[in-house]
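Please read it alongside the sequence and the model.

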Amino acid sequence: MIAKRITRGVLAAALLSVLLAATRAVAQQSSGSAAVGDRNGPLHGQYYVKPFKIIGNIYFVGFSNNAAYLITTPQGHFLIDAVYEDINAQQVKNIEDLGFKIKDVKYLLNAHAHSDHVNGLAGMKKLTGATVVAMVEEVKSLEDGGVSDFRSDGRKLWEPVKVDKIIKEGEQLTIGSTTLTARKTAGHTQGCSTFTMMVDDAGKKRQAIFICSMGLNGGVPLVNYSKYPNIAEDYMRSFDILRSIPAEVFLVSHTSHYDLEGKLKKMGQPGPNPFIDPQGYKDYIVRFEKGFKEQYAKDLAAAKK
Ligand SMILES: [Zn+2]
């Protein structure tokens, strides 16, 4: 146990120097949707985060804003989010730096069909040869490069990618002894996909969750919106779904949504794994639902005028 903590401490100290620089970038992100395709610079305007083991067979292989998760098994791996095409190579390196082979990725999943989570999907499919999986409501947008997305102005935002396996709410995907359950927590997009799994934490089974994002989209009204008429109902149902999941290991597609940086600092200190955060998970639901309800009330009032 002590040895384990020391290892974690050393790991965290190395991560901290990188993460401190990343803090500013993360802090600048809104708690809602991230900028889509408009951030230039190294690593697509993000900072490098040294890939690390979160818990059990779950690893962080993303960047300072856009998370990406590798879930490993001896029979092959799941990868949630391929972020941006121009940083596919760094993401591959992150996976390989952890000692895993990119060709062992068997399923490519995505949190939701917005550019910052799927821009690199076509590229990652070529690099891995993996099966691209998507919630049925996201398929059209993924396959036309985002042109049919309800926020689209008709521009292609990413390389269109063929979906190999279409899933729906509640469907499960298994590799080896790990099973992911897909939950449609729509609103942010029409097929926004949250995944849950049981993770083995040194012999104890814990419920892990990868939330797609419950953030609001800037400029998208929640009332009388012809491009997505049931958007408010979808958000409400999604908050209900999240409330029904007793998650302990709390992860989201954006690092700022679960304070990755703060948690990494805590990893250097004695105590339980900071990513086991059931209270943080509950607070997340409360915080984002409050934001949703405030916007919904405003949009309702405006619609009555
Ligand atoms: Zn988004």
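In this predicted model, 55% of the 305 residues of the chain count as buried. The chain contains 8 helices and 12 strands. Among contacts with a separation of 6 or more, 68% are made by residues 24 or more positions apart.

**The seven-stranded sheet**

- Seven strands form an open sheet in the order β1-β2-β3-β4-β5-β6-β7, and their pairing is mixed.
- The edges are held by β1 (52–55) and β7 (165–167); each has a single partner strand, so one side of each lacks a neighbour in the sheet.
- On average, neighbouring strands of this sheet are turned by 25° against each other, direction ignored.
- Strand β6 (residues 131–135) runs parallel to β7 and is joined to it by 3 bridges.
- Within this pair of strands, methionine 135 of β6 stands opposite isoleucine 167 of β7.
- Helix α7 (residues 260–267) packs on the sheet, where it touches β1 and β2 (58–60). The direction of α7 makes about 90° with that of β1.

**The pair β11 and β12**

- Strand β11 (residues 204–211) pairs with β12 in the parallel sense, over 4 bridges.
- Alanine 208 stands opposite valine 249, a residue of β12.
- In a regular strand, side chains alternate between the two faces of the sheet.
- Strand β12 (residues 249–252) is covered on both faces. Val249 and Leu251 lie on one side, Phe250 and Val252 lie on the other, and all are buried.

**The packing of α2 against α4**

- Two packed helices are described by the angle between their axes and by the distance between those axes.
- For helix α2 (residues 88–97) and helix α4 (residues 121–128), the angle is about 50° and the axes are 10 Å apart.
- The crossing of the helices α2 and α4 is right-handed.
- On the α2 side, the contact involves Asn88, Gln91 and Val92, which meet Gly123, Met124 and Leu127 of α4.
- By residue class, this contact of α2 with α4 comprises 3 nonpolar and 3 polar residues, with no charged ones.

Note on methods:
Residues are numbered from 1 along each chain as its sequence is written. This is a predicted model: local features need pLDDT of at least 70, side-chain atom pairs count only at pLDDT 80 or more; totals for chains, interfaces and linings use all residues. Side-chain values use heavy atoms; hydrogens and water are left out. Axes are lines fitted to C-alpha atoms, for helices over the stretch in contact, and angles run from 0 to 180 degrees between N-to-C directions. Helices (H or I, at least four residues) and strands (E, at least two) are DSSP runs, numbered from the N terminus. A crossing is left-handed if the near helix is turned anticlockwise from the far one by less than a right angle, and right-handed if clockwise. Contact means heavy atoms within 4.5 Å. Ala, Val, Leu, Ile, Met, Phe, Trp, Tyr, Cys and Pro count as nonpolar, Asp, Glu, Lys and Arg as charged, and the others, Gly among them, as polar. Two strands pair if DSSP finds at least two bridges between them. Buried means under 20% relative accessible area, exposed over 50%, partly exposed in between (1.4 Å probe, protein chains only).
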